[in-house]
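Reader: Let us go through this model by question and answer. Please keep it brisk.

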Amino acid sequence: MVDARGQSCPIPVIMTKKAMKSNEDYYEVLVDSKTPCENVTRFAQSQGYKVEVEEKGGEYLLKLSR
Amino acid sequence: MAEKKNDKLLIIIAGLIIGVIAAGLAFLGNPKNMGFCIACFLRDTAGGLGLHRAAPVQYIRPEIIGIVLGAFGAAFAKKEFGSKGGSAPMTRFVLGFFAMVGCLMFLGCPFRMILRLAGGDLNAIFGLVGFVIGIFCGIFFLKNGYSLKRTYSLTPAEGYIFPIMEVIVFVLLLAKPAFIFFSEEGAGPGAMHAAIGFSLAAGLIVGVLAQRTRLCMVGGVRDLALFKETRLLWGFIAIFVAALITNLILGGFKLGMTEQPVAHTDGLWNCLGMLLVGFACVLLGGCPLRQLVMSGEGNADSAVTVLGLIVGAAFCHNFGLASSGEGPTPAGKIAVIIGIAVVALIGVVNTYVKAEKASEAA
């Protein structure tokens with residue numbers, strides 16, 4: 001679980017990238033605006049993950065799986 | 001995957017439109033190779049408001065107002081508008097201040113750097129080299145955990161303040177009260193401008209496109225280096241190509257180093273000026289254009305950054321730090337060196353000092 005709420009880009013993507021070093025098949029990333037949501041999605045897809053986005057109350061929970 | 005391609009196509013189209021508009025504005029009366037320049041236009045606006053008294057560069061630029069309000073409208077329509085802030089406002093102010101010092105050493109923001117290249121001004125190549133070096137300096141800190149801590153949601157009114165200020169400034173431009181300064185005909189770049197309607201419309205279109213695509217000049221090089229992500233860079237390239245072609249058609253293209261419009265030929269200081277800009281903007285999370293757009297989206301941190309840019313511009317002219325066509329000033333060189341040192345210090349403090357605390361907590 002990566003909590004990147006309130007972080008501006010590119011930091012959420014860097015946090016996700018660092019977390020991915022543990023090489024697991026499932027991660028959750030929490031962000032609170034649209035731009036990091038798009039950027040993390042794009043990055044995760046480039047790393048071969050599928051992304052599901054759940055929006056609740058202005059926050060976005062991204063479920064990355066492969 | 002199809003979505004990814006659309007993404008890239010969208011920013012390329014937006015970049016092409018922006019490039020044509022930018023080159024077109026220079027044709028319609030803006031200074032050469034300055035259809036858009038966020039730094040120059042904030043500087044002119046600061047002059048118009050009397051924050052500095054450099055007579056050649058005083059005009060309230062409707063392009064700036066248009067970008068902020070265009071971004072505001074686009075964000076509002078897409079429900080992306082939200083009052084946010086509280087992430088190291090004073091640090092952002094200082095970074096904005098010194099980013100402007102760097103811009104006015106080079107004579108242009110990263111956006112104008114592209115337009116200068118597209119106009120055949122080879123001095124901008126030195127700027128581009130410095131810009132890339134500066135971005136890599138910033139990336140070093142990002143990779144090592146640099147962060148200005150998180151933003152928070154603020155009271156709903158907070159995000160409206162900056163867009164409202166832009167509306168008020170626009171009213172001042174139209175009303176032309178005696179306390180507003182306008183460069184007189186022939187006095188310099190401030191006297192050269194397209195008609196207000198064209199400038200405002202251009203700003204609005206660019207504001208909407210930049211908000212939708214997250215266009216950012218710094219982000220292009222940064223994301224390529226960090227993640228091999230080329231999307232933003234395509235926007236950068238598209239602006240260059242479109243402006244180049246438009247310049248060739250409209251006769252705005254002149255290849256060379258000497259006698260370029262609103263530029264000087266000191267390669268070293270063109271390079272160091274843009275190094276400071278690239279470095280400061282990576283630590284800010286976006287170029288001056290992106291800061292304007294985000295302040296339209298309700299981001300108070302970006303609004304404070306823009307205020308830093310404006311105050312920086314005023315200081316540059318009051319203290320004789322800004323370059324001119326003749327070249328950089330001795331005081332400006334000192335200010336750029338101080339700026340690079342201050343930005344590096346901000347990088348160190350927000351990377352290493354904080355990292356120790358975090359590891360204690362863990």
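Reader: Which helix of chain B gives the most to the lining of the largest cavity?
Author: The model is predicted: local features need pLDDT of at least 70, side-chain atom pairs count only at pLDDT 80 or more, and totals for chains, interfaces and linings use all residues. Residues are numbered from 1 along each chain as written, chains are lettered from A and ligands numbered from 1 in written order, and side-chain values use heavy atoms, without hydrogens and water. Helices are DSSP runs (H or I, at least four residues), as are strands (E, at least two), numbered from the N terminus. With 3 residues, the top contributor in chain B is α11, residues 267–284.

Reader: How much space lies in the largest cavity?
Author: A cavity is a set of points on a 1 Å grid over the protein atoms alone where a 1.4 Å probe fits but cannot get out; lining residues have an atom within 4 Å of a point. Points are joined across faces, edges and corners, and the volume is the space filled by probe spheres set on them. Among the 17 lining residues, those closest to the centre include A:Ile11 and B:Leu283. The space comes to about 100 Å³.

Reader: Which element supplies the largest share of the lining of the largest pocket?
Author: A pocket is an open set of points with protein on both sides within 12 Å along at least five of seven lines. This one holds about 830 Å³. Its lining has 44 residues, with A:Ser33, A:Lys34, A:Thr35, A:Pro36 and B:Lys84 nearest the centre. The largest share, 5 residues, comes from α2(A).

Reader: How much area do chain A and chain B bury between them?
Author: Contact (heavy atoms within 4.5 Å) takes in 19 residues from chain A and 23 from chain B. Buried area is the accessible area (1.4 Å probe) that two parts lose on being put together, summed over both. Carbon and sulfur atoms carry 49% of it, and the total is about 1800 Å².

Reader: Which residue of chain B forms a salt bridge with A:Arg42?
Author: A salt bridge puts a side-chain nitrogen of Lys or Arg within 4 Å of a carboxyl oxygen of Asp or Glu. Between chain A and chain B the count is 3. For A:Arg42, the closest N and O atoms are 2.8 Å apart, and the partner is B:Asp7.
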